[in-house]
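Open the model in your viewer and keep the selection tool at hand. The tour goes stop by stop.

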Amino acid sequence: FGNLGQKFVLLNMFVMAYGAMVAYLLIIKDTMPIIFGIQNRFERTLIMIATSVSIMLPLSMQRDMASLSITSLFSVLADVVLVGFITAYSPWKQSVQDAGGLTYVLETDAIEPTIFIGLGILSTAMACQHSAFIVSGSLENKTMKRWSKVTGCSIAISAVLCALLGTAGYLGFMENTFGDVLNNFDQGSLLANVARGLLAITMFFTYPMESLVARHVLVQLVHDGDMDAKDDPNHGGGDGEEAGGYGFMNRRQTWTLAIYIMTLFPALIVDDLGPVLSITGSLGGGCIAYMGPGLVYLGVNGDAFLSYARGLLGMHESDTNSGGDNINAAPVTQGDLPVAGSSNNVMTVQTSIDDVKKPVWWYLLGFPLWTAIAKVGSSNMNMRIGSDVSSNGNDAPASAYNEDLMVPNSHDFRVAMFFIVFGVISVVAGVGSNIWVQMNNIQMAE
């Protein structure tokens, strides 16, 4: 989708990463002071600043994701132990019994008016599209098979951990569950404080990954992807050399520090973790996790989708005519004539999908929009492929693409359309639900 599509993806990548970083700082502000037995707000803020500057900021200065592999491993291990603690020590059995049993809880609490607020938080936790390209770029021996294995295992493990944490956490404390569920446990409990320490470790080691995503976006938008500042007069031209920053810092370090300051200010003011995760998840997650993939699939497979749409209208892929009896035939040009020397070729004239009368369901199901998206995507893809072929001089061997070949089908097209619609609903309903909740809280306070 050209420059507009690139900006759409980059901006939503930043929203997702920025919201997550603010949330991580808030968790540190909630968690670390409790471990040290500090209640004073000023001292809590100082602890957050001191620990984030000494741990998060230096790790965020790394150049790529591969440098964070060890810290990411510790973060994942800490997450697993943390979920195990909450699942084991949450008083969910007693809580469910006091509430009238699991059946009653499911009947009364399964669906709430604020469901899209929870969806926004879940989108923040589960959406990985904003960092997918950066992570895939750090893989050795990059293949689609290896990438599918990494993403499949990661999402499956994350889904299981989220399900366990969410179920045990909510059933243990019901409507009194805090955004940070560890705040529901006794502040003097040794085990709870160990769990808080594990949560802090996870935040310390996860923040840099989101910082790298945010930095990547800003460098792309501001410097057209030039991280090394090769356009700076002070750049020596050597491989691996960096310049372009302020003071003693290069461009990478300058942007990293700027992003940290941008996330620090909201964390100093805001105390409630829930709205931060929900709003950024509704906006960024709804766009990049639901709408984005659907739009990309229709755009990349635009020609195939238009053929699918013609089939739904009862049109043939191409109307063949060997005797002049085609009532839909358009004026025949020189390019439509059979190739000289081939007696098997016949003239083919493709009727435009715009020239056919449409049934009511065509408009009710939004097909004018879907076909418009497919046409834009098809046009841009054909231009891009033509440009690549021209620059390379010839086509790459077909065997080079055998592993990555994916044949679009009607089921995938329906899934893509569903995700686009669901993404729009999640964005509007998520943001609207947050505004409604905040307005009600303000009215009740007054």
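Among contacts in the chain between residues at least 6 apart in sequence, what percentage join residues at least 24 apart? The figure is 79%, where contact means heavy atoms within 4.5 Å. This is a predicted model: local features need pLDDT of at least 70, side-chain atom pairs count only at pLDDT 80 or more, and totals for chains, interfaces and linings use all residues. Residues are numbered from 1 along each chain as its sequence is written, and side-chain values use heavy atoms, with hydrogens and water left out.

**Whole chain**

Color by secondary structure. The chain has 15 helices and two strands. These are DSSP runs numbered from the N terminus: helices are H or I with at least four residues, strands E with at least two. Of the 446 residues, 38% count as buried. Buried means under 20% relative accessible area, exposed over 50%, and partly exposed in between, with a 1.4 Å probe and protein chains only.

Now center on Met 56. Beyond its neighbours within four places in sequence, Met 56 contacts Tyr 24, Leu 25, Ile 28, Thr 51, Met 203, Phe 204, Tyr 207 and Pro 208.

**Ser 90**

Go to the loop between α3 and α4 (92–98), where Ser 90 sits. Ser 90 is buried, at 5% relative accessible area. Not counting residues up to four places away in sequence, Ser 90 touches Phe 85, Ala 168, Gly 169, Gly 172, Phe 173 and Phe 185.

**Salt bridges**

The rule is a side-chain nitrogen of Lys or Arg within 4 Å of a carboxyl oxygen of Asp or Glu; the count comes to three.

Asp 30 counts as buried at 16% relative accessibility, and Arg 44 at 17%.

Next, select Asp 228 and Arg 63. Their closest N and O atoms are 2.7 Å apart. Asp 228 is buried at 12%, whereas Arg 63 is partly exposed at 41%.

Then take Asp 226 and Arg 251, with closest N and O atoms 3.8 Å apart. Asp 226 is in the loop between α9 and α10, Arg 251 in helix α10. Both are buried.

**Asp 224**

Stay in the loop between α9 and α10 and pick Asp 224. Is Asp 224 buried or exposed? Asp 224 is exposed, with a relative accessible area of 69%. Check the backbone too: phi is positive, about 55°, although Asp 224 is not a glycine. Most residues other than glycine have a negative phi.
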